[in-house]
Amino acid sequence: MKQKFNIISSTCVPLPLENVDTDQIIPARFLKATTRDEHFFGDNLFRDWRYLPDGSLNPDFVLNNPVYSGEILVAGKNFGSGSSREHAAWAIAGYGFRVVVSSFFADIHKNNELNNFVLPVVVSDGFLKELFDTIYANPKAIVEVNVSEQTITNKSTGHSEQFELNAYKKHCLMNGLDDIDFLLSQKDKIEEWENNNASK
Amino acid sequence: MARTLFDKIWDAHVVQQVKEGPTQLYIDRLYCHEVTSPQAFDGMRARGLKCFRPDRIFCMPDHNIPTHDQDKPIEEPVSKRQVDALDKNALEFGLNYFPIMHPKNGIIHVVGPEQGLSLPGMTIVCGDSHTSTHGAMGAVAFGIGTSEVEMVLASQCILQTKPKSMRITIDGVLSKGVTAKDVALYMMMKMTTSGATGFFVEYAGSAIRSLSMEGRLTLCNLSIEMGARGGMIAPDEVTFEYLKGRAYSPKGEDWDKSVAYWKTLKSEDDAVFDKEVVFDAADIQPMITYGTNPGMGMKITECIPNGDTPSFKKSLDYMGFKEGESLLGKKINYVFLGACTNGRIEDFRMFASIVKGKKKADHVTAWLVPGSWPVKKQIEAEGLEKILNEAGFEVRQPGCSACLAMNDDKIPSGKYAVSTSNRNFEGRQGPGSRTLLASPLVAAAAAITGVITDPRDFM
């Protein structure tokens, strides 16, 4: 799961729907796993959109369209709303996406992606629209995400945008460190806080 | 600078501000259920760690458990494995544990307030988005992912970026038939499911103050459905009255000291919020949803609006509804009363008040699932169970049940369910299920008529 991150240059998979909730990313019946088996979650990413009720592949869903592939998922506004299930981030990572681009992410899911070394990139509505147009015009179009520069570039149009990422998280992503590594190094500060608040 | 209620609690829990990064926040209470915790405990084992403050952590299974025959082993092997894993992890890590059939067991977000475990001024987290519920006690409570559960297990801390602040004020008197659920569905309709994303909401105003503790819990529960990080209500006499004498509430001198502190937990008069939203209580009517996210709701007497996005059309197709259509009189198949949203005693009282002396419609399957064992006991003690039984309803055993259908309580494909739960997402209550979110009053009216009905017809 932990991996070092800097420049990702890839074709994209377009999913222009808005308000994609985490129940769609991974339905509740797949939350019964007690391990973090990436293949299991990746195989069931968008399960009920990807498969028809009889279990066959849904030819109309983008993940089943061989024209589109890549490490970057480009999604409509308000991606990842609803349930806090981190299984959604595991499914996205397990499928092989390393970046999700949208104009808006739900808070909990955004944190979950970051904690699983999947980078949520927030772009403007205009940039997103152009990106969808680019991908549909040329499914082989390349998008480059540069973590150290905090930029995303639509290579076809040359248009680029900065995205937000705090310096701490950037350091974690670029060096393959997670928050638990950090918190475990802060025990003395935690105990100090507890001593100061013992009377409450 | 004058501080908000949220600021006061947040500031009191800051361990440190990470340089150019998030805040390290101390967590008073971590709740764990069986679905979002096993991988966190595995992570702890892989790193060779023990829980840093096990006394602050309470675990209980709720998502997978059957709502009948809980004294027998769980039949479904995968659900059983997950519940067994929580049994084992709670024991191994020395955590407080309310297993299946324990007299305190139930849905975490019902149990926490009910046992006096969720108190004003606390920071509370759980691997569950509806952790926002506990904000009704005057706490900072929010849902987290499994990696974050592991952080709290390991360090009793979490790294978070401070959210922006929003105050939603609703003044006025709520009309007949309007419950806290309707207030929440109304706000979601106005705000959309992303209208409060990035914000922590404080609810204020006379209509909010007039809500019972149960109503406030329902309201805060649904904060996440507007995208909010959490929702909260300043503690007052309603809160103190509710908490007094509960199992884990402070006692004696500690109680007096706590209440004195809790009374300071309110936003200063001149505190500034990043966003202020105002609604008029008089405009709120009984509500129902017609689409596949909780923001797609309307007053029950209205018609489905027009929408032009592909997402909107996909949603109506899924539900089998048309633009401009009224839902009143539409035949439904299932009714679900329960969940962390509406599984409390007051919800059962409301439901019983409508069905009393009437009969359930023959074609309707109704699942009435209390949020906890204490709620179930109280339903019996108050004589509500008798009323419900006489009307043809059965009260089941507690759990999350059909809210997300991880146990056997699944709505079949294509069937309509009037549900008091919190989400109407595609497939949420079982693959192909069609959910109409509503209050316990609307659910009760539909249960006896078999069609979508304005509950005021029976009031």
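This is a predicted model: local features need pLDDT of at least 70, side-chain atom pairs count only at pLDDT 80 or more; totals for chains, interfaces and linings use all residues.
Tutor: A salt bridge is counted here where a side-chain nitrogen of Lys or Arg lies within 4 Å of a carboxyl oxygen of Asp or Glu.

Student: Which domains does the assignment give for chain B?

Tutor: The assignment divides chain B into domain 1 (5-162), domain 2 (164-235 + 266-283) and domain 3 (287-458). For domain 1 of chain B and domain 3 of chain B, the C-alpha centres lie 28 Å apart, and the contact between these two domains involves 27 residues of domain 1 of chain B and 23 residues of domain 3 of chain B.

Student: How many residues does the contact take from chain B and from chain A?

Tutor: There are 64 residues from chain B and 54 residues from chain A in the contact, and the area buried between the two chains is about 4,800 Å², of which carbon and sulfur atoms give 57%. B:Gln39, B:Arg47 and B:Ser147 supply 12% of the area that chain B buries against chain A, which is more than any other three residues.

Student: How many salt bridges does the rule find across the interface of chain B and chain A?

Tutor: Six salt bridges are found there; one pairs the side chains of B:Arg47 and A:Asp181, at 3.0 Å from N to O. Polar contacts between chain B and chain A amount to 27 residue pairs, again with both residues at pLDDT 80 or more. Several elements of chain B each supply at least two residues of the side that touches chain A, among them helix H2 (38-46) and helix H5 (146-155), and the largest share, seven residues, comes from H5(B). The residues of this side of chain B divide into 23 nonpolar, 25 polar and 16 charged.

Student: Where in chain B are B:Arg45 and B:Asp42, and how far apart along the helix?

Tutor: Both belong to helix H2 of chain B, and because they are three residues apart, about one helical turn separates B:Arg45 from B:Asp42. These two residues form a salt bridge whose closest N and O atoms are 3.0 Å apart, and over all chains the structure holds 34 salt bridges.

Student: What order do the strands of the open sheet in chain B have?

Tutor: In general, strands of a sheet pair through backbone hydrogen bonds, either parallel or antiparallel. In chain B, an open sheet of five strands has the order S5-S4-S3-S6-S7, with parallel pairing. Strand S5 (96-97) and strand S7 (140-143) of chain B stand at the edges with a single partner strand each, so one side of each is left without a neighbour in the sheet. Strand S6 (residues 123-126) of chain B pairs with S7(B) over four bridges in the parallel sense, and B:Val125 has B:Phe142 in S7(B) as its bridge partner.

Note on methods:
Residues are numbered from 1 along each chain as its sequence is written. Chains are lettered from A and ligands numbered from 1 in the order in which they are written. Side-chain values use heavy atoms; hydrogens and water are left out. Domain bounds come from an automatic or database domain assignment. Contact means heavy atoms within 4.5 Å. Buried area is the accessible area (1.4 Å probe) that two parts lose on being put together, summed over both. A polar contact is a pair of N or O atoms within 3.5 Å; within protein, one must be able to donate a hydrogen and the other to accept it, and residues adjacent in sequence count only if both atoms are side-chain atoms. Ala, Val, Leu, Ile, Met, Phe, Trp, Tyr, Cys and Pro count as nonpolar, Asp, Glu, Lys and Arg as charged, and the others, Gly among them, as polar. Two strands pair if DSSP finds at least two bridges between them.
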